[in-house]
Amino acid sequence: MRQADRDGNGGARRWVPEGGGIDELRREAPGCRGCELWRDATQVVFSRGSARARLMLVGEQPGDREDLAGEPFVGPAGRVLDDAIEEAGIDSRSLYLTNAVKHFRFERRGKRRIHEKPAVGHITACRPWLEAEIAAVRPSAILALGATGARAVLGRSVRIGEVRGQVLEAADDPAIPVVVTVHPASLLRRRDAEERRAAFRSFVADLRRADELAD
Ligand code: URA
Ligand code: SF4
């Protein structure tokens with residue numbers, strides 16, 4: 001039997017308190033054994049922001065810095081995201097920020113921990129937490145950051161380039177409109193300064209669109 005099966009036995013479901021508010025979910029999340037990722041991670045990284053937010057942002061998974069801090073979006077990608085939120089004129093206190101997967105997945109290379117994309121099985125295993133967060137916060141709109149966030153929110157795999165600009169439906173609640181954009185880390189990977197600026201502007205425009213939908 002694979003370790004994931006032994007741990008997970010059907011993913012996070014049995015660790016997620018039914019009907020729990022965000023505080024209760026946050027309290028229980030450290031005990032989750034829904035997949036094997038908890039073993040090598042420092043700690044669970046749950047969410048930050050307002051439990052009564054109108055707009056929810058869903059990223060991929062915590063990175064190295066988030067794993068150490070226990071808070072999402074506090075590393076380099078988070079800095080880009082914060083800049084974009086400010087540029088869009090959005091009050092960050094009106095947001096709820098979370099990830100599709102709550103534990104850091106990485107590969108050790110010497111002393112370094114290299115980010116590794118979560119597998120579909122990790123996204124599926126962790127999805128009960130996101131479902132519970134959506135049910136607790138009841139946001140008016142969701143912005144998915146990147147393919148992993150989009151997969152978790154939409155319940156299917158999409159190509160960012162194809163669905164960007166569209167208004168889609170959350171898998172758990174079709175009444176909640178979903179906008180999909182790139183992951184902020186992808187902006188950091190652009191070497192050309194002009195391209196990076198253009199990509200940042202498009203990202204800010206997506207944030208604004210999602211914020212307007214949440215009004
Ligand atoms: N990237 C994410 O998707 N989430 C984080 O919390 C940090 C980086
Ligand atoms: Fe549970 Fe998600 Fe962590 Fe896996 S990644 S142990 S499902 S919280």
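The model is predicted: local features need pLDDT of at least 70, side-chain atom pairs count only at pLDDT 80 or more, and totals for chains, interfaces and linings use all residues. Residues are numbered from 1 along each chain as its sequence is written, ligands are numbered from 1 in the order in which they are written, and side-chain values use heavy atoms, without hydrogens or water.

An unreviewed UniProt entry places the feature "domain: Uracil-DNA glycosylase-like" at residues 46-208; such annotations may be inferred rather than shown by experiment. That span is 43% helix and 20% strand, with its end C-alpha atoms 25 Å apart. Helices (H or I, at least four residues) and strands (E, at least two) are DSSP runs.

Ligand 1 is surrounded by Gly59, Glu60, Gln61, Pro62, Glu66, Pro72, Phe73, Asn99 and His183, where a residue counts if one of its heavy atoms lies within 4 Å. By class, this shell has 3 nonpolar, 4 polar and 2 charged residues, with Gly counted as polar. A polar side-chain atom of Asn99 is 2.7 Å from a nitrogen atom of ligand 1. Polar backbone atoms take part at Gln61, 3.1 Å from a ligand nitrogen, and at Phe73, 3.0 Å from a ligand oxygen. Taken alone, ligand 1 exposes 240 Å², of which the protein buries 94% (Shrake-Rupley method, 1.4 Å probe).

Around ligand 2 are residues including Cys32, Cys35, Cys126, Trp38 and Trp129. The shell of ligand 2 divides into 8 nonpolar, 2 polar and 1 charged.

Methods: Polar contact = N/O pair within 3.5 Å; in protein donor to acceptor, adjacent residues only side chain to side chain.
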